[in-house]
There are 2 protein chains.
Amino acid sequence: MIFKTRSCRRFDESFHIEYKTLEELVDLARLSASGGNRQPLKYLIYNSPEDCGKVFPSVVWAAYLKDWDGPATGERPSGYIIILGDNSITEAFGVDHGIAAQSIMLGATEAGLGGCMIASIKREQLRNELKIPERYEILLILALGKPVEKVIIDEIKDNDVKYWRDPENNHHVPKRPLNDLIIKI
Amino acid sequence: MIFKTRSCRRFDESFHIEYKTLEELVDLARLSASGGNRQPLKYLIYNSPEDCGKVFPSVVWAAYLKDWDGPATGERPSGYIIILGDNSITEAFGVDHGIAAQSIMLGATEAGLGGCMIASIKREQLRNELKIPERYEILLILALGKPVEKVIIDEIKDNDVKYWRDPENNHHVPKRPLNDLIIKI
């Protein structure tokens, strides 16, 4: 499931994601580990074209693809889960949102969906658009949909981590080999 | 799998974890999402009683269980994966280690293991004990083993997030209900 769970940024926008599916994904996050079991994360769920249209402009897409401003109309996400940190519980969220996001993305793959975790967000714009109270910190956007792009893992060359697209529009992601990650001291 | 993956702190210490198993768990982390695909995480793997004995004293166990100093001899983890941040790649690790840790913990459950993500670490002590170069930031310890405790999820009462142990030594974890996590604005 982890191997199948690749970041995807182009979708069949006509595909409708059930609200219940998004709720079930948040439930996976709910049951995941949380620092000191504080559970300070809250979630916003959107699955209508109108709401998704409000979220989309605040997402900064794929920084390495300089001539690509994000998915075109028809290929945009049809659902979003926005992960918020509730400052009334704690102001230190640690890596809770990383844990939660990975649970959601793995569940999404299992549900036949795909998507992308996005931390590069126009936060003030999004806060205004969605009327998110100041009490909540905007941590991550999870963009979800029915994937229409193929993602290929390559072995990294020359330490270059930039992902790229080939002429057939396949998305290539260079990954460091296992031997480089496990350190022997 | 996410439902089955509960934080566990008491193990059958006599159970040997194969080095290859730990490598495969790191491979799951390797294939998980990373901010800007930078992949700045590195890993230390330990599975011998001697090495595990070096890691154990630097772990701060279960802050809410005031009269419990951590697992007794015979119930300690028989493996550790320590997640490091490589400052030569970036100094901003975002939530990469949360994503990686969740991938590893889910894989551990699938491999019949259990464990706990620990951010409360005596970092200088651990650095000295394991001779970890300054270049690496100590981010998380994942303690792993064959679980011998039962973990029960309860619905939260009076907003009290503290986990606790019942007379049969079952570990209870209060979780907030889904309705409290999904916000409607």
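**Helix packing and symmetry**

Modeller: In this predicted model, the axes of helix α1 (residues 19-30) of chain B and α3(B) come within 8 Å and cross at roughly 140°.

Colleague: Which residues of α1(B) and α3(B) meet, and how do they divide by class?

Modeller: From α1(B), Leu25(B), Leu28(B) and Ala29(B) meet Ala100(B), Ser103(B), Ile104(B), Gly107(B) and Ala108(B) of α3(B). By class, this contact of α1(B) with α3(B) has six nonpolar, two polar and no charged residues.

Colleague: What is found for α1 and α3 in chain A?

Modeller: Helix α1 (residues 19-30) of chain A and helix α3 (residues 96-110) of chain A have axes that come within 8 Å and cross at roughly 140°. They are therefore oblique to each other, and α1(A) passes α3(A) in a right-handed crossing. Leu25(A), Leu28(A) and Ala29(A) of α1(A) are in contact with Ala100(A), Ser103(A), Ile104(A), Gly107(A) and Ala108(A) of α3(A). The residues of this contact divide into six nonpolar, two polar and no charged.

Colleague: Why is the packing of α3(A) and α3(B) called oblique?

Modeller: The helix α3(A) and helix α3 (residues 96-110) of chain B pack at an angle of about 55°, with their axes 7 Å apart. Roughly parallel would require an angle under 35 degrees and roughly perpendicular one of 65 to 115, so α3(A) is oblique to α3(B). The crossing of α3(A) and α3(B) is right-handed.

Colleague: Which residues make the contact of α3(A) with α3(B)?

Modeller: Gly98(A), Ile99(A), Gln102(A), Ser103(A) and Leu106(A) meet Gly98(B), Ile99(B), Gln102(B), Ser103(B) and Leu106(B). The contact of α3(A) with α3(B) comprises four nonpolar, six polar and no charged residues.

Colleague: How do you know that chains A and B are related by a two-fold axis?

Modeller: Chain A can be laid on chain B with an RMSD of 0.0 Å by a turn of 180° and a shift of 0.0 Å along the axis. That is the relation of a two-fold axis. Of the residues of chain A, Gly98(A) comes closest to this rotation axis, its C-alpha lying at 2.2 Å.

Colleague: Why are the copies said to meet through the same surface?

Modeller: Of the interface residues of chain A, 100% are also interface residues in chain B, so the copies meet through the same surface.

Colleague: What confidence values accompany the model?

Modeller: Chain A has a mean pLDDT of 96, and 100% of its residues reach 70 or more. The model scores ipTM 0.95 and pTM 0.96.

Notes: Residues are numbered from 1 along each chain as its sequence is written. Chains are lettered from A and ligands numbered from 1 in the order in which they are written. This is a predicted model: local features need pLDDT of at least 70, side-chain atom pairs count only at pLDDT 80 or more; totals for chains, interfaces and linings use all residues. Side-chain values use heavy atoms; hydrogens and water are left out. Copies are superposed by least squares on the C-alpha atoms of residues with pLDDT of at least 70 in both. Contact means heavy atoms within 4.5 Å. pLDDT is the predictor's confidence in each residue, from 0 to 100. Axes are lines fitted to C-alpha atoms, for helices over the stretch in contact, and angles run from 0 to 180 degrees between N-to-C directions. Helices (H or I, at least four residues) and strands (E, at least two) are DSSP runs, numbered from the N terminus. Angles under 35 degrees count as roughly parallel, over 145 as roughly antiparallel, 65 to 115 as roughly perpendicular and the rest as oblique. A crossing is left-handed if the near helix is turned anticlockwise from the far one by less than a right angle, and right-handed if clockwise. Ala, Val, Leu, Ile, Met, Phe, Trp, Tyr, Cys and Pro count as nonpolar, Asp, Glu, Lys and Arg as charged, and the others, Gly among them, as polar.
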